[in-house]
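Thanks for coming. I will go through ring contacts first, then some backbone details. Please have the structure open.

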There are 2 protein chains.
Amino acid sequence: MSKQEIPYKIYLTENELPKEWYNVRADMRTDHRPLLNPATHEPVTLAELEPVFCTELAKQELNDKDAYIEIPAPVRDFYKMYRPSPLVRAYCLEKYLDTPAEIYYKFEGNNTSGSHKLNSAIAQAYYAKEQGLTGVTTETGAGQWGTALSMACGYFGLDLTVYMVRCSYEQKPQRRTLMNVYGANVIPSPSDTTAVGRKMLAEHPDNTSGSLGTAISEAVEVALTKPNTRYVLGSVLNQVVLHQSVIGLESKTAMEKYGVYPDMVIGCAGGGSNLGGLMSPFMRDKLKGERDPYFIAVEPMSCPSLTRGKFAYDFCDTGKVTPLAKMYTLGSGFMPAPSHAGGLRYHGMSPILSQLYHDGYINEARAVSQVDVFKAAIEFARVEGILPAPESAHAIKVTLDEARKCKETGEKKVILFGLTGTGYFDMISYDRYMKGELNDAPPTDESLAEGEKDMPKV
Amino acid sequence: MSKQEIPYKIYLTENELPKEWYNVRADMRTDHRPLLNPATHEPVTLAELEPVFCTELAKQELNDKDAYIEIPAPVRDFYKMYRPSPLVRAYCLEKYLDTPAEIYYKFEGNNTSGSHKLNSAIAQAYYAKEQGLTGVTTETGAGQWGTALSMACGYFGLDLTVYMVRCSYEQKPQRRTLMNVYGANVIPSPSDTTAVGRKMLAEHPDNTSGSLGTAISEAVEVALTKPNTRYVLGSVLNQVVLHQSVIGLESKTAMEKYGVYPDMVIGCAGGGSNLGGLMSPFMRDKLKGERDPYFIAVEPMSCPSLTRGKFAYDFCDTGKVTPLAKMYTLGSGFMPAPSHAGGLRYHGMSPILSQLYHDGYINEARAVSQVDVFKAAIEFARVEGILPAPESAHAIKVTLDEARKCKETGEKKVILFGLTGTGYFDMISYDRYMKGELNDAPPTDESLAEGEKDMPKV
């Protein structure tokens, strides 16, 4: 294609929408570390997961054999309402940076949830409906997952209770209202509606701002005690990375149309759902020795699980009711400093990403400061038009750095990054950044020690 | 196409993006009523418009001869960052309504401004830049136009001062921050930065909530007094309807791909930019006697310029500094009751739409209550996924009504409506609706009399 003919963006047709998700675990040549029962330290069985998770989702969670899993037709139909999402060639950004690098991004923000979370939400709601459940519970931090799941449950007519980290609940009433529009019941966490919430409130009466870990504990407790109800989760889990592979599969097909293959794949990483999905098909090529893209996981300096955590078995929640997962973790007791990238405030990391990082397939993890992240977000917004979510802007920050390096070295790298969502509900943070009110603090040694205190001995 | 193969939405390729805007005035077989100088009541000349408007835009304003006007290449390049926008077949809505009607909508909300306003903003900023101006001024009500123009001016490096209706400025700090992100200077109106603002504040010290009409007056005053600066406007004007024709042109091409032609075209109408743009190419067919689509303009009951206004020459602003336009108007002194569809709170209506309505080419105008509008918005959001702006939801309300009529009569009408934008910044209004706090009041006879009091005698 001549420069003139190269489009700014490629939308695949609905017929080109993937018919199967890709399960990267099936191609990982490593011993998968199973989830463990926290009491016995034995691998958890399907039977043990079924009271918490929908059966089909529990099967997906444990599946490390099948590389491809069919996307059910009703889920594909829902996908067609907002997918395929565009793969954008960032011409304006390249010009602004005066870089020889080619920059592409997969934009997942063009749906009402405002992020990629909807890709897994609709799948999880579908399996819950298929199983004949009447409702599900979940937690949400920044509100993106809660919004996505509200839309999905609204679509399938399922009851939904969302435990929303209290500081987000108070800072983002608009997010709460949006979930209400789709019919969800939203409760600030910690709350007095659960035993674990009441315990947190009693033990930490001076710290009621909440955390994802606590909200998970509350949602799981309700799922276990309410009839016909299960718990669903928007990140960390293997099933979520599986569903999010739709991002990477579409990206790969669109990049083939552009006639390019990424030298570098960059994604923000909180629980790992976005980077996991974006990189999966490219990681496949690397695992099979066919290609060697360079993967960078970008995390917030304030919650640096990959760069400062341990690769160890740990609880997925603060209340210690979940199975143990082998992952990079700051410890379930870690309380991140207030950060506006709420979606990245999680003590652990997807076991899949953790293993791939541990084994060297994810080449690098980089922790960045939120001040730098907002600076990059505004540069990007002004030249590419799209207002990124703070979470997404972590990937932008590193993309700008890498593209500027290319300018110095003259390298024509092909960079792909994940633009996971939009920042419409983050204007307070943007405002604070522009007023110079944001700052950064890496975790203190004390907070890291506090986090690790109760790490299980496995 | 078989049902199975019919896509949920059609994205045209970037090559199919229109190369020319369509100027419906050239095909209107009516005496165009010129803008009049408010002092002399003589038709305004290009020379009189040039101190206020960019020269090229003033020429477009007066052009009733050329049916097609080339879209400059830099504007088309910018369009490619977010256009063509999708034309969606509303399968889920049809199923939900159990209607034989086919419902299509053109969705203009997939850009950071959140609405169709960007289509004209980038054109106006381009012509200002080409003319060597250093900046522009404007007003904004709901904030959609201000956001769009901020993005456009940020892209071309133009200074921008936005007078924002004070009640919106206070209710929507997020909108203001978003404009700041793109580098705009946002001032609540009425303000003490202009003579007209100071006059309003002195005369109405108890009513400082502002109106579009006042904000226009302030922005025009600054454009006239600041060097190298002109005024730009996001609706009402002929040039805006011209630029917005890109909506209708894309819609028509996409509907041809679906193999259908609309029996009915529905759009919300405040100043008329959206409906004007959406309907233009279909109106051409009607003006030429080739087709006979039925056009419905939907306006808020609280500000019913078409259904309760007069077809008369009137000022476009409250401060009476603008030329007189022949239009449906409630009078420049009309103060609409507080309504959350801020973008529709304007006393007048596009002269093009006014003339077409007067001549019977726009078949019908319908005023709807905002309680009904929010009810329709939530129904739509839950089945089609997209959260509409309250303005856009006016069209949804009437679309639902018409589709339900089709169910009664069995008619398989093809309905096209304009989904102009998203409601992310309207969550407070959604919340108030869900709490039952919204209500409706049509204008009282007194408020209508007050509006007409100073209508010029032409």
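One term to begin with: buried means under 20% relative accessible area, exposed means over 50%, and partly exposed is in between, with a 1.4 Å probe and protein chains only. This is a predicted model, where local features need pLDDT of at least 70, side-chain atom pairs count only at pLDDT 80 or more, and totals for chains, interfaces and linings use all residues. Residues are numbered from 1 along each chain as its sequence is written, chains are lettered from A and ligands numbered from 1 in the order in which they are written, and side-chain values use heavy atoms, with hydrogens and water left out.

Now the rings. Rings of Phe, Tyr and Trp (its six-membered ring) pair if their centres lie within 6.5 Å; planes under 30 degrees apart are stacked, over 60 edge-to-face, and the rest tilted. Over all chains there are 40 aromatic pairs. One of them is A:Tyr104 with A:Tyr258, edge-to-face, at 5.0 Å centre to centre and 65 degrees between the planes. A:Tyr104 is in strand S5 (residues 102–107) of chain A and A:Tyr258 in helix H11 (residues 238–258) of chain A, so the pair links distant parts of the chain, 154 residues apart. Helices here (H or I, at least four residues) and strands (E, at least two) are DSSP runs, numbered from the N terminus. Both A:Tyr104 and A:Tyr258 are buried.

Why is the pair of A:Tyr126 and A:Tyr127 edge-to-face? Because their planes are at 65 degrees, with ring centres 5.2 Å apart. A:Tyr126 and A:Tyr127 are both buried. They also belong to a cluster linked by ring pairs, with A:Phe78, A:Tyr79, A:Tyr82, A:Tyr155 and A:Phe156.

Next, charges over rings, meaning NZ of Lys or CZ of Arg within 6 Å of the ring centre and within 35 degrees of the ring normal. In chain A, the charged end of A:Arg291 sits over A:Tyr261, 4.1 Å from the ring centre. In chain B, B:Lys326 lies over the face of B:Phe311, at 4.9 Å from the ring centre.

Last, the backbone. Most residues other than glycine have a negative phi, and most peptide bonds are trans. A:Ser189 and A:Pro190 are joined by a cis peptide bond, omega about 5 degrees. A:Pro190 is in the loop between strand S8 (185–189) and helix H9 (195–203) of chain A. A:His41 has a positive phi of about 60 degrees, and its relative accessible area of 29% makes A:His41 partly exposed.
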